[in-house]
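Dear colleague,

Please find below the structure that I am handing over to you. My findings follow directly after it.

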Amino acid sequence: EERVFSGIQPTGIPHLGNYLGALESWVRLQGQHGSVLYSIVDLHSITVPQDPARLRTSVLDVAASLIACGIDPERSILFQQSQVSEHTELCWVLGCLTSIPRLRHLPQWKTKSNRKNEGSVGLFAYPILQAADILLYKSTHVPVGEDQIQHLELAQDTARIFNQKYGDCFPIPQPLLSVTRKVKSLRDPTSKMSKSDPRKLATVNITDTPDDIRLKFRKAVTDFTSEVTFDPENRPGVSNLVAIHAAVTGQTVEEVVHQSEGLETAQYKHVVAEAVIQKFSPIRAEVQRLRADAGYLEKVLSRGAEKAKERASVVYQEVRRRIGFS
Ligand code: TYM
């Protein structure tokens with residue numbers, strides 16, 4: 001049986017990278033698989049400092065965004081990670097099977113620990129918690145963007161180590177990558193679009209106003225060639241626009257490039273902006289509507305947590321038995 005699991009951090013409204021790299025596949029996978037769980041991973045988000053009031057709002061904003069994008073709480077289990085305590089419990093067990101050198105080169109640690117904030121134990125252990133999220137449901141498929149591949153590999157290794165030591169328990173989880181597996185920053189097309197990017201015009205949120213979206217695409221960094229081509233190696237800026245354009249219109253890259261023949265990049269940026277606006281206008285309206293109904297969102301999350309917990313506790317009991325805790 002196939003079981004899908006994935007997660008997103010509650011650090012504000014999701015952006016275009018989250019949507020095209022992950023959320024769109026999350027929506028598509030519903031109903032195609034035995035079980036589908038999507039988690040708002042608040043335990044992960046506190047690996048860097050968070051303001052409590054903002055975190056509380058963010059959890060609900062992300063829940064609203066996921067539902068607005070098409071996650072149906074009747075067809076998938078949508079829940080807040082910290083409401084299911086087995087995530088932390090399994091994390092401890094898996095942490096005891098993971099060596100320190102194995103974690104040192106993983107992306108969260110490398111990019112988010114620095115001299116000022118030397119990096120917490122939590123940030124270092126981040127990928128173990130992610131492995132626990134996945135293995136806790138014996139997940140087989142994990143839809144993520146390309147930036148999560150190294151974390152997935154750790155989850156696979158951890159599953160193998162556990163199985164070897166305690167007997168066959170966990171399937172080896174496989175990543176599912178979308179076509180637009182890496183959306184780039186609009187200010188620097190050599191880096192990924194990210195929530196934590198301090199540059200104001202770099203990141204397009206799914207609830208940005210049409211004017212914001214137009215401005216961000218108009219200012220998108222490209223190169224000095226005016227033709228529209230798809231060549232990610234040599235022309236990352238315009239290729240990022242082409243990839244976004246194709247993804248939001250549901251076309252192939254070739255179709256989009258063909259349609260754009262004769263357009264200057266400046267004109268093309270306008271075309272892409274309008275396509276993005278068209279795609280996200282209904283989602284934006286729906287997010288706004290849902291955000292106003294915190295009671296509903298909280299109910300969805302607590303029902304989701306109940307259902308997740310039912311599954312998690314069965315697997316965790318098996319883990320306890322295998323380790324010798326019971
Ligand atoms: P997070 O919250 O950073 O991002 C959520 C999802 O969005 C994808 N993504 C992107 N895809 C393409 N282009 C981009 N520029 C881009 N930016 C983000 C991410 O790959 C991710 O799929 N560690 C995870 C959360 C997590 C998780 C898990 C994921 C915790 N436990 C278990 C899968 C399974 C993270 O920080 O995602």
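Ser185 is buried, as its relative accessible area of 1% falls under the 20% cut-off. Please bear in mind throughout that this is a predicted model. Ser185 sits in the loop that runs between β5 (174-176) and α9 (210-218). Leaving aside residues up to four places away in sequence, Ser185 touches Ser191, Lys192, Met193, Asp197, Arg199, Ala202 and Asn240.

The loop between β5 and α9 also holds Ser178. With a relative accessible area of 9%, Ser178 is buried. The side chain of Ser178 reaches the backbone oxygen of Gly21 at 3.4 Å, and a polar atom of that side chain lies 3.3 Å from the backbone oxygen of Thr180. When residues up to four places away in sequence are not counted, Ser178 is in contact with Leu20, Gly21 and Ser25. Between Ser178 and Glu146 there are 8.7 Å in space, C-alpha to C-alpha, and the two are 32 residues apart in sequence.

The ligand

The shell around the ligand comprises 26 residues, of which Tyr126, Gln130, Asp133, Asp147 and Val183 come nearest. By class, this shell has ten nonpolar, eleven polar and five charged residues. An N or O atom in the side chain of Asn18 is 3.0 Å from an oxygen atom of the ligand. A nitrogen atom of the ligand lies 2.7 Å from a polar side-chain atom of Tyr126. For Asp133, an N or O atom of the side chain is 2.6 Å from a nitrogen atom of the ligand. On its own the ligand has 720 Å² of accessible area, and the protein covers 96% of this. Two or more residues of the shell are given by each of the elements β1 (3-8), α1 (16-29) and α7 (121-135).

Does the span of helix α13 agree or disagree with its number of residues? Helix α13 (residues 294-323) has 30 residues and should span 44 Å at 1.5 Å a residue; its end C-alpha atoms are 41 Å apart, which agrees. The buried residues in α13 are Leu297, Val300, Leu301, Gly304, Ala305, Ala308, Ala312, Val315, Tyr316, Glu318 and Val319. Just after α13 comes Gly324, which takes a positive phi of about 105 degrees.

Helix α3 (residues 52-69) contains 18 residues, and the distance from its first C-alpha to its last is 26 Å, close to the 26 Å expected at 1.5 Å a residue. Of the 18 residues in α3, 13 are buried, so that the helix is mostly covered. Gly70 follows α3 and has a positive phi, near 125 degrees.

Further loop residues

Most residues other than glycine have a negative phi. Lys138 is not a glycine, yet it has a positive phi of about 50 degrees. Lys138 lies in the loop between α7 and β4. Its relative accessible area is 19%, so Lys138 counts as buried, given that the class takes in values under 20%.

Gln148 belongs to the loop between β4 (141-143) and α8 (149-166). At 15% relative accessibility, Gln148 counts as buried. The side chains of Gln148 and His151 are joined by a polar contact of 2.8 Å.

Is Ser99 buried or partly exposed? Ser99 counts as partly exposed, because its relative accessibility of 38% lies between the 20% and 50% limits. Ser99 is found in the loop between α4 (86-95) and α5 (100-104). Ser99 and Tyr166 are 67 residues apart in sequence, and their C-alpha atoms are 17 Å apart in space.

With kind regards

Technical notes
Residues numbered from 1 in each chain as written. Predicted model: local features only at pLDDT ≥ 70, side-chain atom pairs only at ≥ 80, totals over all residues. Heavy atoms only, no water. Helix = DSSP H or I, 4+ residues; strand = E, 2+ residues; numbered from the N terminus. Expected span 1.5 Å × (residues − 1). Buried < 20%, exposed > 50% of the residue type's maximum accessible area, 1.4 Å probe, protein only. Near = heavy atom within 4 Å. Polar contact = N/O pair within 3.5 Å; in protein donor to acceptor, adjacent residues only side chain to side chain. Areas by Shrake-Rupley, 256 points an atom, 1.4 Å probe, with all protein chains shown as cover. Nonpolar A, V, L, I, M, F, W, Y, C, P; charged D, E, K, R; others polar. Contact = heavy atoms within 4.5 Å.
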